[in-house]
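Biologist: Please take me through this model step by step. I have it open on my screen.

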Amino acid sequence: MVSFRKLSFNKFQILTASVGLLLATATFQSQAQPTHNYYFDQAAQDWESQSLPIGNGAIGASVMGGVNQDRIIISEKTLWTGGPGSVQGYDYGLPANASEYQTKLAKLQNTLAAKGRMTPKAVADEIARDYTGYGSFQKFADLVISPQNDLEEESLSQYQRSLNMQQAAAQVNFNAQGIHYKRRYFVSYPDQALVVHYQSDKKHQLNLVIDVEVDENRSFNKKLITNSTRNSLIFTGELNDNALEYAGNVNLYSTDGEISKNQNNQLLVNNASEVWLTFYAATNYAPVYPNYRGESATAKLQRQVKHYQAQDYSKVWQNHLTDYQGLFNRVELDLTGEPIDFPINQLLTKLRNNELNQAQIRSLTELYYQLGRYLLITSSRSGSLPANLQGAWNNHIHAPWNSDYHFNINVQMNYWLANQTNLDELNKPLFDFVQNLQQPGEQTAKALFGSKGWTLLLNTNIWGFTGLIEWPTAFWQPEAAAWICQHLYEHYQFTLDNHFLQNTAYPIMKSASQFWLDNLYKDTSTNSLVVNPSYSPEHGDFTLGAAMSQQIIYELLSNTKLAARELADQEFISQLDQALNKLEPGLKIGKHGQLMEWRSDLDDMQSKHRHVSHLYALHPSNQISPITTPALAKAAEVSLNARGDGGTGWSKAWKINFWARLFNGDRAEKLIGEQLKHSTLDNLWDNHPPFQIDGNFGATAGITEMLLQSQVNQIHLLPALPKNWQQGQVSGLKARGNVVVDISWNKGQLASAKLTPKYTGLVIVRSKLSKHNLAVMGGNSPAKITQDQFGTLIKVSAQAGQAITINNTNMVHINQL
Ligand code: FUC
């Protein structure tokens, strides 16, 4: 079995005339889809490092794949303890006596202004707070499928448990007692169901017991229906903590076997050659403040279950493929790797032992790249909640960090890749979630700060928690709402969707800006506006105006201003301008030549802390760039070098993005290696530790940034190509301005690019190639090409939907890729 795809897509040809003028055409066709596959040769013993994830946004399932006990661990995003109705009591993180809190906060601001800095503990003693009823993401159930009689382990051969990212399906294949068994698992978005399909190559060999298991922190009622029209296992209950209702439904079908039940109330299959089941899950959660309850779980489930009677399995499978591939197939990446056929855990061991050659590492990088896209498609679909700290996969009742939404890097990183890898619509769950946070966030702004607008502090659950926790080194992140607004505006930049800007993004951004217009602190000694108290995430002391705080607020107000201009909200523009004129930008160079993390030059150049928050301006923001602000970019590099290449999973992933933005492809590539070697579990999940999905998403975003950037109003082709990636192709990426970009390169140089803008207007493209080696085709008039120290800038007047092709005229006949 081939574990990595071999590239046969995107054939492009360059036709060259023999002398002088070169005529070039590039055609990119996505034809034969290669396999994107990885596998284990054993069943999983450990969920975290060995299970294989499948999902449809709402349901996340992990395939363990035992021969004699096939366990599928299932979560449904809305099954959470805590929140309204929690036996522990729940107050959204807000103190009962709000005015007393505001007095304390005002006093603290003055103390901090006078002292300059305070320890997190000293601040937390004043304004942090114990919280209750926060809750945790729950496992929904285990689906357990076992042969009625154990298969003989000695007769077992050719076991393989694989994940096919091309099909969003896991498979288990093995031989036992002379029979070949084949299982397939996928979670269908169109059908809103987990589907498990079993087959044996000899007739009537499947004799199975099927059951569900749930955790003990809930009530559990189970009912079986086995009759001529329907074979179902129905289970319902409530969480003990908050009485949240849940309901699950297993519907079983077999072409030729008999289905019945046994005295233990389990489903039985006898003498079947083919069996398949659908598993549906629902709760009575609704994303509506303040109660977060909606339609009963049972009623919701009944609406979801599309069919109880045997359906054409292949139709369900085809619908799933059509839906999934419509997203996944948009981007292809070819780094001209050398696929090797090893179980993934062994492959990673070889990587860690430096036993893979560069081409093999490139294959692994391609796989890891697409995994990020796969994981986002399977954990973030419209109609459910956004990808949380573990995406959609959970095996706990007390998940690490409750598997919640942390807004000081984690949830943001989850979504960096969405627009740029052509998955715009996967932002929807995040934006719906943020929209629903606005109301509780307004309560928090009012109660804790006595101000307009909305905010939240560090973390939230699915119950509108926007208040305070007690953790001194993390609890204070009032810029959280402002940061997430960046995603709203970027989505507009990538899609140019005015309706979205007007109806979704702008109201949320305006309200977040209003919060800051009310809350920026006037430092009378400098006559400037700063955040107070301000905290550079999880590092150092509390101060006034730490770099990240200022950069985030600067970006929020600037983006809101751009949006206000677009929507002609003149009055608000003047309010924003007044603040922007006095706002400290948080961009200062310190005595070590570093970008200062704080307002005073406090940086410890020995610190290897995982957060490098002050580089926010470099990434994900666009305030620093080697092109527009070279001195600040240099300072960012000094800071980044001081922090080193270590860190937790997400920290390394962020560093890939930073180095890409500094146009240092070799260093970015090194960081990919660091992440794969030291922060990746055997099943390729990112490891904080523990498993945290943000690093998977962040790495895919970072690899994209190496190939294409567009944050400074130029579509920058191959800004950070490492020397180990001499030849390759990528197709279907998105640049800001709603432009689809395909790029191929050879000998470390751009060979050809095709840009398809979805609007009519100016397209600005940057390439390292000299203008003498470029041929531009397409556009309404001849391209204007200028040269600077970073290469060439190509300005083309483009027609919506019509491709612009840029070819390297030095490259002749490179279609042997
Ligand atoms: C932030 C990070 C931690 C961890 C947690 C979930 O607080 O600083 O490293 O990722 O979120």
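Biologist: At roughly what angle do the axes of α7 and α18 cross?

Modeller: This is a predicted model: local features need pLDDT of at least 70, side-chain atom pairs count only at pLDDT 80 or more, and totals for chains, interfaces and linings use all residues. Residues are numbered from 1 along each chain as its sequence is written, and side-chain values use heavy atoms, leaving out hydrogens and water. Helices (H or I, at least four residues) and strands (E, at least two) are DSSP runs numbered from the N terminus. The axes of α7 and α18 (residues 694-707) come within 8 Å, and, as lines fitted to C-alpha atoms (for helices over the stretch in contact) with angles from 0 to 180 degrees between N-to-C directions, they cross at roughly 125°.

Biologist: What does that make α7 to α18?

Modeller: Under 35 degrees counts as roughly parallel, over 145 as roughly antiparallel, 65 to 115 as roughly perpendicular, and the rest as oblique. The axes cross at roughly 125°. Therefore α7 is, to α18, oblique.

Biologist: How do the residues of the α7 contact with α18 divide?

Modeller: Contact means heavy atoms within 4.5 Å. Tyr368 and Leu375 are among the α7 residues that make it, and Phe697 and Ile703 are among those of α18. Ala, Val, Leu, Ile, Met, Phe, Trp, Tyr, Cys and Pro count as nonpolar, Asp, Glu, Lys and Arg as charged, and the others, Gly among them, as polar. The residues divide into eight nonpolar, seven polar and one charged.

Biologist: Which strands are the edges of the six-stranded sheet?

Modeller: Two strands pair if DSSP finds at least two bridges between them. The order is β17-β24-β25-β26-β31-β28, with antiparallel pairing. Each edge strand pairs on one side only, and these are β17 (332-334) and β28 (774-777).

Biologist: At about what angle to β17 does α7 run?

Modeller: Helix α7 covers residues 358-379. It lies across β17 and β24 (728-735). Its angle to β17 is about 165°.

Biologist: What radius of gyration does the chain have?

Modeller: This radius is taken over C-alpha atoms, and the globule rule is 2.2 Å times the number of residues to the power 0.38. For 817 residues, a compact globule would have a value near 28 Å. The chain agrees with that, at 27 Å.
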